[in-house]
Structures are given as structure tokens and as C-alpha cells.
Amino acid sequence: MKIGIDIVDDDHKQLFALVHEFNAAADAQGGEVSGAQMAEILTRLQNYVADHFQREEQMQLEAKYDGYEENKRQHEELTRTLSAFIAKHKGGGAGAEARTATREMREFLGVWLSQHILKTDLKMRGRILPWAG
Ligand SMILES: [Fe+2]
């Protein structure tokens with residue numbers, strides 16, 4: 001899922017690493033990430049996503065990318081979806097409730113991340129010169 005712009009691809013690696021960290025925590029704990037741990041990992045993810053979107057948008061502005069407005073709109077939508085999902089799940093408690101929250105969060109993160117990369121960012125490929133990164 002490489003876009004071909006180093007700054008973007010490096011960021012995406014970090015995003016995958018954070019999602020992987022969440023999944024690994026779930027696997028290590030029988031599919032149950034506690035509310036506190038979930039909040040900790042997801043807050044880091046949320047902060048990183050905010051930084052990443054800002055970097056992408058800045059780079060697009062500098063490159064005069066014609067998909068900037070659409071990309072920004074999708075970033076805002078994805079940010080809202082992520083925030084709402086995190087708000088719903090980060091107080092996941094323990095036991096069955098936490099396992100359900102963990103499972104839903106895990107599915108959501110996988111879809112959300114690939115949606116960002118495949119639907120939004122892949123359009124940049126070949127339309128922003130590598131020197132822009
Ligand atoms: Fe991205």
C-alpha cells in the first residue's frame with residue numbers, strides 16, 4: 001500500500017505500528033484490552049493521526065495538489081469517525097464488555113486505516129512529485 005512519497009509512507013508505517021500494538025495487546029490478553037490500556041494506545045494513535053493529516057495537507061498545499069479540498073474533507077470525516085469510536089470504546093471496562101469493545105475496535109481500526117490509505121491517499125500517487133516528500 002505504498003504511495004511513493006516517503007514522508008507519507010513513513011507515517012503510514014507508524015500508523016500500522018500503532019494499530020499492530022493494539023492488536024498485539026489484545027492477543028496477549030485473550031482478546032481483552034482494558035479500558036485504561038485502550039485509552040492509552042488510542043490517545044497516542046489519535047495524536048499521531050492528527051499530526052499525520054496535518055503533514056499530508058501541508059505537503060499537498062505546497063505541491064498545489066488539486067485533490068487537496070477533497071482530501072481535507074475526508075481527513076475531517078475520518079477524524080470525527082475515529083474520535084466517536086474511541087469515545088464510545090475507551091471506557092471499555094473489563095470482562096465480556098472489554099472483549100466486545102476490543103473486537104469492535106480492532107475491526108474498526110483495520111477498516112479505517114485501509115480506507116484512509118486506499119481511498120484518500122492512493123489518489124496522490126503519481127500526482128505529487130516525490131521531491132514534495
Ligand atoms: Fe495518510
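Student: Which residues are linked with Glu40 in a network of salt bridges?

Tutor: In this predicted model, the network of salt bridges links Glu40 with Glu21 and Arg44. The general idea is that side chains of opposite charge can pair when their charged atoms come close.

Student: How many salt bridges does a search of the whole structure find?

Tutor: The search finds twelve. Before turning to individual pairs, let us look at the fold that carries them.

Student: What secondary structure does the chain have?

Tutor: The chain has four helices and zero strands. Along the sequence, the pattern reads α-α-α-α. The C-alpha trace spans about 50 × 25 × 20 Å along its principal axes.

Student: What share of contacts joins residues at least 24 apart in sequence?

Tutor: Contacts between residues at least 6 apart in sequence are considered here, and 76% of them join residues at least 24 apart.

Student: What percentage of the residues count as buried, and how much area does the chain expose?

Tutor: The chain has 133 residues, of which 41% count as buried. The chain exposes about 7,100 Å², and carbon and sulfur atoms supply 54% of that area.

Student: Is Glu56 buried or exposed, and why?

Tutor: The cut-off for buried is under 20% relative accessible area. Glu56 has 2% relative accessibility, so Glu56 counts as buried. Asp121 is also buried, because its relative accessible area is 0%.

Student: Which residue meets Lys13 in a salt bridge, and how far apart are Lys13 and that residue in helix H1?

Tutor: Lys13 meets Asp10, with a separation of 3.7 Å from N to O. The two are three residues apart in helix H1 (residues 6-28), so about one helical turn separates them. As for accessibility, exposed means over 50%. Lys13 is at 51% relative accessibility and therefore counts as exposed, while Asp10 is partly exposed, with a relative accessible area of 42%.

Student: Which residue forms a salt bridge with Arg73?

Tutor: Glu70 does, and the closest N and O atoms are 3.1 Å apart. Both residues belong to helix H3 (residues 68-89); because they are three residues apart, about one helical turn lies between them. Arg73 is partly exposed at 42% relative accessible area, and Glu70 is partly exposed at 34%.

Student: How far apart in helix H3 are Lys72 and Glu76?

Tutor: Lys72 and Glu76 are four residues apart, which is about one turn of the helix. Their side chains meet in a salt bridge of 3.7 Å, N to O. Lys72 is partly exposed, with 26% relative accessibility; Glu76 is partly exposed, with 39%.

Student: How far apart are the mean positions of the positive and negative charges of the chain?

Tutor: The chain has 17 positive and 21 negative charges, and their mean positions are 3 Å apart.

Key
Residues are numbered from 1 along each chain as its sequence is written. This is a predicted model: local features need pLDDT of at least 70, side-chain atom pairs count only at pLDDT 80 or more; totals for chains, interfaces and linings use all residues. Side-chain values use heavy atoms; hydrogens and water are left out. Buried means under 20% relative accessible area, exposed over 50%, partly exposed in between (1.4 Å probe, protein chains only). Contact means heavy atoms within 4.5 Å. Accessible areas come from the Shrake-Rupley method with a 1.4 Å probe; for residues, only the protein chains shown count as cover. Lys and Arg count as positive and Asp and Glu as negative; His and the chain ends are not counted. The place of a charge is taken as NZ of Lys, CZ of Arg, CG of Asp or CD of Glu. A salt bridge is a side-chain nitrogen of Lys or Arg within 4 Å of a carboxyl oxygen of Asp or Glu.
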